[in-house]
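Please read the points below with the model open beside you, and check each one against what you can see.

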Amino acid sequence: MTVWMNMVGNIFQALSLAGVILAIYYASSQTRKLQRQVHISNLYSRYDALHHANERYDAGLSMLFQKPELRPYIFGRKAVDLVGEELDRALIVADQMAGAVDHALRVGDRFPDPGDEGWSPVAREMARTPLFRAIVLEKPHDFPDLGRYFVADDNAPAGAPPNGIVPN
């Protein structure tokens with residue numbers, strides 16, 4: 001009788017062990033699937049946020065379309081010699097576009113995509129443009145992610161305005 005009880009006990013132990021092994025396998029399988037879902041969700045969030053940043057950038061481009069004479073200040077690295085209403089318009093366009101790039105950089109940092117350089121090339125080009133330098137260096141807290149591409153110009157001539165705008 002004890003041999004029979006030992007055999008039944010061993011069978012239950014073997015079944016319990018098999019059940020534990022199956023439960024661990026199922027849990028690891030579910031964990032891998034959940035990990036994949038989280039990755040897909042993060043990528044979707046990234047692309048959705050980058051789409052939003054692109055729309056904001058395009059809004060700046062549409063403002064530029066309305067005032068094409070501002071193009072050299074946005075894309076041509078022309079020194080900012082505007083005054084009055086034209087200066088205000090150029091600063092608004094630059095602020096809109098810089099805000100979009102700052103947002104895109106922030107999203108790219110939070111949800112990285114190893115194969116994508118993202119908006120870094122745009123940020124580097126903005127850092128070389130006097131109009132964007134004026135906006136970002138004047139309000140660095142408004143553009144924390146974009147601002148790291150900008151450094152104060154220690155090589156500027158003595159008496160040069162800190163914001164890059166040439167007074168008339």
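How many salt bridges does a search of the whole structure find? The search finds 13 salt bridges, a salt bridge being a side-chain nitrogen of Lys or Arg within 4 Å of a carboxyl oxygen of Asp or Glu.

1. Basis of the note. This is a predicted model, in which local features need pLDDT of at least 70 and side-chain atom pairs count only at pLDDT 80 or more, while totals for chains, interfaces and linings use all residues. Residues are numbered from 1 along each chain as its sequence is written, and side-chain values use heavy atoms, with hydrogens and water left out.

2. Overall make-up. The chain has six helices and zero strands, where helices (H or I, at least four residues) and strands (E, at least two) are DSSP runs numbered from the N terminus; read along the sequence, the pattern is α-α-α-α-α-α. Of the 168 residues in the chain, 28% are buried, and here buried means under 20% relative accessible area, exposed means over 50%, and partly exposed lies in between (1.4 Å probe, protein chains only). Among contacts between residues at least 6 apart in sequence, 66% join residues at least 24 apart, with contact meaning heavy atoms within 4.5 Å.

3. Arg89 forms a salt bridge with Glu85, and their closest N and O atoms are 2.7 Å apart. The two residues are separated by about one helical turn, because they are four residues apart in helix 3. Arg89 counts as partly exposed at 30% relative accessibility, whereas Glu85 counts as exposed at 51%.

4. Asp102 is buried at 2% relative accessibility, while Arg106 is partly exposed at 26%. Another salt bridge joins Asp145 to Arg148, where the closest N and O atoms are 3.5 Å apart; Asp145 is buried, with a relative accessible area of 9%, and Arg148 is partly exposed, with 45%. Through shared partners, salt bridges join Asp102, Arg106, Asp109, Arg110, Asp145 and Arg148 into one network.

5. The nonpolar core. In soluble globular proteins, nonpolar side chains tend to be buried together. A nonpolar core is defined here as a set of buried Ala, Val, Leu, Ile, Met, Phe, Trp, Tyr and Cys residues joined through side-chain atoms within 4.5 Å. The largest such core has 33 residues, and those with the most contacts inside it are Ile74, Val101, Met126, Leu131, Phe132 and Leu146. The elements that give two or more residues to this core are helix 1 (2-66), helix 2 (71-75), helix 3 (84-110), helix 4 (120-127) and helix 5 (130-138), and helix 3 gives the most, with 12 residues.

6. If neighbours within four places in sequence are left aside, Leu131 is in contact with Tyr73, Ile74, Val80, Ala90, Leu91 and Ala94. Met97, which has its place in helix 3, is buried with a relative accessible area of 0%. With its neighbours within four places set aside in the same way, Met97 is in contact with Tyr57, Gly60, Leu61, Ile74, Phe75, Met126 and Phe132.

7. The aromatic pair. A search of the whole structure finds one aromatic pair. This pair, Tyr57 and Trp119, is edge-to-face, at 5.4 Å centre to centre and 75° between the planes. Rings of Phe, Tyr and Trp (its six-membered ring) pair if their centres lie within 6.5 Å, and planes under 30 degrees apart count as stacked, over 60 as edge-to-face and the rest as tilted. The pair links distant parts of the chain, since Tyr57 is in helix 1 and Trp119 is in the loop between helix 3 and helix 4, 62 residues apart. Tyr57 is buried at 12% relative accessible area, and Trp119 is buried at 16%.

8. The surface. The chain exposes about 11,100 Å², of which carbon and sulfur atoms supply 61%; accessible areas come from the Shrake-Rupley method with a 1.4 Å probe, and for residues only the protein chains shown count as cover. Met5, in helix 1, is partly exposed at 49% relative accessibility.
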